[in-house]
Amino acid sequence: MSHAFEVTEQRSGIRFHCEPGQSVLKAMEQQGLKCVPVGCRGGGCGFCKVIVLSGDYECGKMSKVHVTPESRACGEVLACRIYPLSNLTIECRPRESAEMAKQQTTTKSMR
Amino acid sequence: MKKGVMRPGHVQIRVLDMDAAVKHYTDLMGLIETDRDEQGRVYLKAWTEVDKFSVILREADEPGCDFMAFKVVDEPSLQQLEKDLVAHGVDVEQIPEGEMKDCGRRVRFKAPSGHSFELYADKQYTGKWGITEVNPEAWPRGLDGMKVVRFDHCLMYGPELAATYDLFVNVLGFYLAEQVLDGDGTRIAQFLSLSTKAHDIAFIHHEEMGKFHHASFFLDTWEDVLRAADLISMTDTSIDIGPTRHGLTHGKTIYFFDPSGNRNEVFCGGDYNYPDHKPVTWQAEQLGKAIFYHDRVLNERFLTVLT
């Protein structure tokens, strides 16, 4: 535990530990928290998008559809693909209503 | 199969990291790597499949499915299908023999749902892997992981289901095995078959075009499905849901994700059908039970996590 980093999700104020070599999303899930949505856990679906407000991290491959090089440069990443190198502060914004409608449209008739 | 379209032939999947993907599809799932090409694509097959490959992996910046192909009984049927597609107003693209190693010419077209499909007649016949053609043993030694039996089907998400139904049923010779209808009687899910399988391709209505829900692989028994779930945990693979049973098809299933976020399914059992069977219908208000027969509620991921 003494080696673990602390991750804070700014919007909810939720704080959790993250081991070195563990992704932020995995650490969050393991501790039963829900401040970031969980999708494919593989950098492919964009569900766990967050902005890193402070701290250093390593980043794995992510779908360029969901994180363009420009947004990556602004600290936008997928939580399943970031591995802290220091304490991190992240922000998970609620998805834009248009984007939400787009993502949930399978079910307009199904809900 | 009345127009000569015989069975699923191959699926080309985009992955973010080829090494991690190959490990997932071989070590974990038990597909066998049969070749690579100069473009860097990796060719894989399941042990009971007779042709050289059924899954092709391509490294790219975003995951998803490039296309799914169906094998056609012979070249004359392929030529007729090509004419029929054109007559139906579908743009067809010719992919020459050899574009994929040891595969004949392919006819590629886009369905109204936005998905690319191919038809082909020829591919190198390698026979089943690990067993002889004459006096074969029950199964081969040396398979890894889940030991999936075959690439079975894909589920695609997209709009224009009615127009896609028209194409697949009236031009390509599929028939409707199972469906989900909403309160107005509109079909929002269609399970189409060439055979006695509950589906060789399926579509669920979704506003975005051309999205990939999953590629599915067959297992023999519920014990194999449980064992697959154990392997998913042992390898810390991302799981979606399962082991459980579907309402639609009544197949026994697990959904999980490859390292790039593409969803895979392994399943066993399920219902069979013939063309004289009326389609099985589930109502949209029972969608939870239709997809997850035991939980009887949907999880958010199933509807929205796509590549």
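View 1. Chain A has three helices and seven strands; helices (H or I, at least four residues) and strands (E, at least two) are DSSP runs, numbered from the N terminus. This is a predicted model, where local features need pLDDT of at least 70, side-chain atom pairs count only at pLDDT 80 or more, and totals for chains, interfaces and linings use all residues. Residues are numbered from 1 along each chain as its sequence is written, chains are lettered from A and ligands numbered from 1 in the order in which they are written, and side-chain values use heavy atoms, with hydrogens and water left out. Take the contacts (heavy atoms within 4.5 Å) in chain A between residues at least 6 apart in sequence: 55% of them join residues at least 24 apart. The accessible surface of chain A is about 5,600 Å², with 51% of that on carbon and sulfur atoms; such areas come from the Shrake-Rupley method with a 1.4 Å probe, and for residues only the protein chains shown count as cover.

**View 2. Where chain B meets chain A.** Here 30 residues of chain B are in contact with 25 residues of chain A. Together the two chains bury about 2,200 Å², 54% of it on carbon and sulfur atoms; buried area is the accessible area (1.4 Å probe) that two parts lose on being put together, summed over both. On the chain B side, Leu16(B), Asp61(B) and Thr304(B) lose the most area to chain A, together 20% of what that side buries. Look out for salt bridges too: there are three between chain B and chain A, each a side-chain nitrogen of Lys or Arg within 4 Å of a carboxyl oxygen of Asp or Glu. In one salt bridge, the side chains of Asp17(B) and Lys61(A) meet at 4.0 Å, N to O.

**View 3. An open sheet in chain B.** Eight strands line up in the order 2-3-4-1-5-8-7-6, with mixed pairing; two strands pair if DSSP finds at least two bridges between them. Strand 2 (32-36) and strand 6 (92-95) of chain B each have a single partner strand, so one side of each has no neighbour in the sheet. On average, neighbouring strands of this sheet are turned by 25° against each other, direction ignored; the axes are lines fitted to C-alpha atoms, for helices over the stretch in contact, and angles run from 0 to 180 degrees between N-to-C directions. Strand 3 (residues 42-45) and strand 4 (residues 55-59) of chain B run antiparallel and share three bridges, with Val42(B) partnered by Leu57(B).

**View 4. Zooming in on strand 7 of chain B.** Four of the five residues of strand 7 (residues 106-110) of chain B are buried, so the rest of the structure largely encloses this strand. Strand 7 pairs antiparallel with strand 6 of chain B over four bridges, and also antiparallel with strand 8 (residues 116-120) of chain B over five bridges. Which residue stands opposite Gln94(B) in strand 7? That's Val107(B), and Val107(B) also stands opposite Leu119(B) in strand 8. The hairpin of strands 7 and 8 of chain B has five residues between the strands, and Gly114(B) takes a positive phi near 100° there.

View 5. Six of the seven residues of strand 11 (residues 187-193) of chain B are buried. Strand 10 (residues 175-181) of chain B pairs antiparallel with strand 11 over six bridges, and Gln179(B) has Gln190(B) as its bridge partner. These two strands form a hairpin with five residues between them, where Gly185(B) in the turn has a positive phi of about 85°. Strand 11 is also joined to strand 12 (residues 201-205) of chain B by four bridges, again antiparallel, and there Phe191(B) is partnered by Ala202(B).

View 6. Most residues other than glycine have a negative phi, and most peptide bonds are trans. Now look at Lys147(B), with a positive phi near 55°; Lys147(B) is partly exposed, with a relative accessible area of 37%. His250(B) isn't a glycine either, yet has a positive phi of about 60°. The peptide bond from Gly242(B) to Pro243(B) is cis, with omega near 0°, and Pro243(B) lies in strand 14 (residues 239-245) of chain B.

Notes:
Buried < 20%, exposed > 50% of the residue type's maximum accessible area, 1.4 Å probe, protein only.
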